[in-house]
Amino acid sequence: MAIYTVTSGDTVDTIADSYGISADDLIYDNQLVYPYALAVGQSLFIPGSAAASGKPSIQANGYAYTYISNWVLGQTLPYLTELSVFSYGFTMQGDLVYPPNDDSWMIADAWQADARPVLTLTPLDASGQFNNNLISSVVRSETYKENLIQQLLSILRTKGYAGVDVDFEYILADDRDLFTAFVKDLADTLHPYGFTVSVALAPKTSAGQPGLLYEGKDYAALGAAADYVLLMTYEWGYKYGPNMAVAPLNMVRRVIDYAVTEIPPEKIRLGIPNYGYDWPLPFERGKTTAVTIGNVEAVQIAIQNDAEIHFDNTAQSPYFNYTRDGIYHEVWFEDMRSMQAKFDLIKEYGLGGAGYWQIMRWWRANWLLLMENF
């Protein structure tokens, strides 16, 4: 296996010939689009002599909404050990709120592909926003908390889920210990039935890090209460923020450096973004909104606009600029080099696995690279 970075004058045929592989394999593995033009700076997955098979040796989780394409899910499941269905919510009184689409087919398909289906629990309100009032209402009331836990147990047993992933964000600092107690009580209830409990953690770099995203999460206590945790190591560059890498490796490393002091590495999964952003510039806070794009799509945008793809060695992330209709753009996304850097971190720290937000877009080369590494 190799990763090749395209230079001026390269073609699919010349690259394939230099590695002794077929052009068709190069095109297929990298989802190249006819007439197979390439961008200078584009990174390509070059397959090894033998295709990897079976499941990866680490835990590989992917989040998916219930409206995911059947085809995309079917293509992705063979590479996953776990599928997180996004998401179930709850009311102020702890009554479960079902996702808008039926999830039964996803659960069945996951088991068929030897991937554990996991129910993702979020405090999303009717507007689709994280609502910490919902969290406060449930964790501060033993009645509401027990109601939610018992309903979760019932739905897991009825639907055939393997566990619950608790994805609560913007937890109030005053609710920190109560949230930990909720996770512990949930685990104590579900474990006798063989169900797991995991927690998504905002990317902290210290125990006392200020901010609404961070103050409600006690890494050490949650790591002890849960079976495993997901570090949400992405969204430094985000839809309404300034143009920058989504998951800059220097920042990701800082989060891991702190996390492993509080949680055993084997219980930690590294969050990985399966998307990028296209920002119109200049950036104006409160006005500029980036467009979410897929990583395969990002390369096509570069090709269509004759843009050269650059690589930031500090962030270990690719980016490029282009002008369309008089508007200057900057695009940050993930490629083979940035993914290899993240896989290297997993190996360096001995982490238990990876968790993808999210798998709604099919990215074949990523999964092939994962299998080559693990």
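**Close-up views of pockets, cavities and helix contacts**

**View 1. The largest pocket has 47 lining residues, and Phe130, Glu169, Tyr170, Glu235 and Trp357 lie nearest its centre.** The model is predicted: local features need pLDDT of at least 70, side-chain atom pairs count only at pLDDT 80 or more, and totals for chains, interfaces and linings use all residues. Residues are numbered from 1 along each chain as its sequence is written, and side-chain values use heavy atoms, with hydrogens and water left out. The pocket holds about 1500 Å³ of space. A pocket is an open set of points on a 1 Å grid over the protein atoms alone, with protein on both sides within 12 Å along at least five of seven lines; lining residues have an atom within 4 Å of a point. Grid points are joined across faces, edges and corners, and a volume is the space filled by probe spheres set on the points. E3, E4 and H9 are the elements that give two or more residues to this lining. E4 gives the most, with 4 residues. Helices (H or I, at least four residues) and strands (E, at least two) are DSSP runs, numbered from the N terminus. By class, the lining divides into 30 nonpolar, 10 polar and 7 charged residues. Here Ala, Val, Leu, Ile, Met, Phe, Trp, Tyr, Cys and Pro count as nonpolar, Asp, Glu, Lys and Arg as charged, and the others, Gly among them, as polar.

**View 2. The largest cavity holds about 170 Å³ of space.** A cavity is a set of grid points where a 1.4 Å probe fits but cannot get out. The structure has 2 cavities of 30 Å³ or more. Lining the largest cavity are 19 residues, with Asn30, Gln42, Ser43, Val299 and Trp363 nearest its centre. Strand E2 (43-46), helix H10 (295-304) and H11 each give two or more residues to the lining. H10 gives the most, with 4 residues. The lining has 9 nonpolar, 7 polar and 3 charged residues.

**View 3. The second largest cavity holds about 60 Å³ of space.** Its lining is Asn61, Tyr63, Glu82, Ser84, Asp165, Ser198, Tyr228, Leu230, Arg269 and Gly355. Strands E3 (59-65), E4 (82-90) and E9 (228-231) each give two or more of these residues. By class, 3 are nonpolar, 4 polar and 3 charged.

**View 4. Helices H9 (residues 249-262) and H11 (residues 336-349) pack at an angle of about 20°, with axes 11 Å apart.** Axes are lines fitted to C-alpha atoms, for helices over the stretch in contact, and angles run from 0 to 180 degrees between N-to-C directions. H9 and H11 are therefore roughly parallel (an angle under 35 degrees). The crossing is right-handed, with the near helix turned clockwise from the far one by less than a right angle. H9 makes the contact (heavy atoms within 4.5 Å) through Leu249, Val252, Arg253, Ile256, Asp257 and Val260, and H11 through Ala341, Lys342, Leu345, Glu348 and Tyr349. This contact has 7 nonpolar, no polar and 4 charged residues.

**View 5. H11 also packs with helix H12 (residues 364-373), at an angle of about 35° and with axes 10 Å apart.** This crossing is right-handed. H11 contributes Met336, Met339, Gln340, Phe343, Asp344 and Lys347 to the contact, and H12 contributes Ala365, Asn366, Leu369, Leu370 and Asn373. By class, there are 6 nonpolar, 3 polar and 2 charged residues.

Terms used. Parallel < 35°, antiparallel > 145°, perpendicular 65-115°, else oblique.
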